[in-house]
Amino acid sequence: MTRYKVGYFVGSLATASINRTLSKALIRLAPPDLEFVEIPIKDLPLYSYDYDADYPAAGRALKDAIAAVDAVLFVTPEYNRSLPGGLKNAIDWASRPWGDNSFAHKPSAAIGASPGTIRTALAQQSLRGVLSYCNSPQMSAPEGYIQFKPGLITDAGEVTDAGTERFLRKFMEEFRAFIIRELAVLPRPETTRAEPSSSGALEADALVVGAGPVGLMAAHELLRRGISVRVVDAAPGPATTSRAAVIHPRTMEVLDQAGLYEEFNARAVQGRGTAFDADGRQLASMDAHFVGYPTRFDKMLLLDQVITEGLLRTAVERLGGQVQWGVRLVAVAQDSGGVRATLERDGATEEVSVPWLVGCDGGHSTVRDQLGLVLKGESTETWLVADAEITFDRPVERDRIRWIRADGTSMMLFPLVGDRRWRLLDTVDVDYVGDDAAVAERFTRKLSRGLGNPAHVAHPTWVSVFTIQQRAAPTMQSGRCFLAGDAAHVHSPASGQGLNTGVQDAFNLAWKLAAVINDRAPARLLDTYSAERVPIAKALLRSTRMATQLVELRNAVIDEYLPAMFEIVNAWPPIFEALNQALFGSMSGLGIAYPTSLLTVPDTDTLRPGPAAGQRLVQIRHPEADTAGWRKLFEALRDPAWLLVTSTARTAADGAAPPELPRLARGCPVDRPAADTLGLDHDGWVLVRPDGYVAARGHGQHELDHAYSSLPL
């Protein structure tokens, strides 16, 4: 893993102690590939414009300190108001164009805290005055300011306010991305420069092949944990058409842990449920309510895959990553020491060596073929899908997916982002020879008949005819190479599982791979990836096969009985709820659990409330999800680390200290009602994996030590 050394200055006026405490918090929250060394300034002479002549020892020491780091961070109370004259002059001196170790070659950022307040405009003006001494004019350096209050940050650097911690963590992630971006064009000290490949490109800890949603999520989560990643894709540029269009609740939980949910939610159509129509009559309308799987995301996000990829790509770029388009993987070889990949671009061949490779290159995966793995399964029905604008005589709800029967055939209608944009799916009339007008006329007729609402379908912007594949690889790992998403399993789109399952594959793999690369876990941890995810893929083939049959409903006789059947469903709440659960429960992803995983310590206390070992930790609905304890826990889960959850009642009740934290874990004591829902009594605890699943739960230090020692860490 490439590491970057950051030299930091702490302002030396009256509030220096505050900013020294802030420095501790920043270092604690920083990505693991940033190493920090303080550059002391208290003994700098106040006024000199020529340290070489006037103060040769101090000048040389400052130049050497600057030369030894990759970047500079100013932690200064009230920005440059507190910078001593000596430091200001030292920056002037070190920034001379002819200086051999000038600040102009050091990506720099500044952040400050003070008990007072500064108007935003003045704060920015002061801060940019500091940064102007350091960064080249074209740089857009990170800058930040917090108002310090007693107890906000402990002497050990623990931030007690979730909002402040989120702000500081984001600041450090942006600073890391800024460092990586600028060092791509600025020289690094010789002692820390990474070895280039034969093409001159810097090698990475992991090569991610494929820049769709799965590859981008894998890259994002690796970068978030300080892993250097190279992302390549054979396509000439980002996709312009969308295959997937639905994001289910478990994937929303993943996005929330990754710090991305709000961005996705803001762009998506809010999907509240589904409706059933047949020959001009609405048979039923159901809101998504996951009866057996509590979640605070009782909905679907309806979002074009093109937008999903754009949001993920931006998130990757914020962390310093980028996609290399038009780069095709043509060969893979590996041994116990690493992976050798042959890449091709514009006819030129490049040989690269990386420790690990993640194949996210879709159903026709080159990575999978090179590893000698085969997708086993079957081909089934052929369907047609089209995206088009539609106008209706009467308004049609845009918050739900519609299953529509018209003259004994089935189709589906999905709202897309945009006032009149919809996705249409036909399970019977699938002929297409490039005549968009014929497709539009066919859908116009069927929609009008099925909904009983005259519709006009414009010429589609995209049409695709495809044969459903129901196949999966027997394993998702071969040595130092991994498969994720469609590279490992392909299936019917009937319940919108492809993108969701692939993103969850990437989320499961990334934290494990990062732990191994960062020397925080043995390589055997990676065995749990395939062991956990292959059964999920196989179960998915079964559920999507059934969903395909239900969508098609190739039994014309049943049309005669559909109205009566749905009348019974609507009249009997237990039947309605059972159908609701059957439809939404399986495709939500909320029921995925790992009870037999090597990362799960069996739970013998079956009477204890709360999620059991192997299940999702967060099984909660609104309004309880809005309480302080849960909000604190949601924020803690966004930290890419293990979590030990305890109850604040422990210390309040008997003054006992919380249990000693396992090596990789961060503590998170929570208040009621979160503590009660999780079954946390005075000495209870829950150990949570970085992907939000419960690894173990128990009572007291002895049980915690035993559980942690049982894990492959």
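Trainee: How many of the 10 residues of helix H17 (residues 628–637) are buried?
Mentor: The model is a predicted one, in which local features need pLDDT of at least 70, side-chain atom pairs count only at pLDDT 80 or more, and totals for chains, interfaces and linings use all residues. Residues are numbered from 1 along each chain as its sequence is written, and side-chain values use heavy atoms, with hydrogens and water left out. Buried means under 20% relative accessible area, exposed over 50% and partly exposed in between, with a 1.4 Å probe and protein chains only, while helices (H or I, at least four residues) and strands (E, at least two) are DSSP runs numbered from the N terminus. Helix H17 is largely enclosed by the rest of the structure, because the buried residues number seven.

Trainee: Which residues in H17 are buried?
Mentor: The helix spans residues 628–637 and is largely enclosed by the rest of the structure. Its buried residues are Gly629, Trp630, Leu633, Phe634, Glu635, Ala636 and Leu637.

Trainee: Are H7 and H10 roughly parallel or roughly antiparallel to each other?
Mentor: Helix H7 (residues 213–224) packs against helix H10 (residues 305–318) at an angle of about 20°, with axes 9 Å apart. Axes are lines fitted to C-alpha atoms, for helices over the stretch in contact, and angles run from 0 to 180 degrees between N-to-C directions. Angles under 35 degrees count as roughly parallel, over 145 as roughly antiparallel, 65 to 115 as roughly perpendicular and the rest as oblique. The relation of H7 and H10 is therefore roughly parallel.

Trainee: Which residues in H10 are met by residues in H7?
Mentor: Contact means heavy atoms within 4.5 Å. From H7, the residues taking part are Pro213, Leu216, Met217, Ala219, His220 and Leu223. In H10 they meet Gln305, Thr308, Glu309, Leu312, Arg313, Ala315 and Val316.

Trainee: Is cysteine 481 buried or exposed?
Mentor: The structure holds zero disulfides, a disulfide being a pair of cysteine sulfur atoms within 2.5 Å. Cysteine 668 has a relative accessible area of 3% and is buried. Cysteine 481 has 0% relative accessibility, so this residue counts as buried.

Trainee: How far apart in space are glycine 408 and isoleucine 558?
Mentor: Glycine 408 lies in the loop between strand S19 (400–406) and strand S20 (409–415), and at 30% relative accessibility it counts as partly exposed. Glycine 408 and isoleucine 558 are 150 residues apart in sequence, whereas in space their separation, C-alpha to C-alpha, is 8.9 Å.
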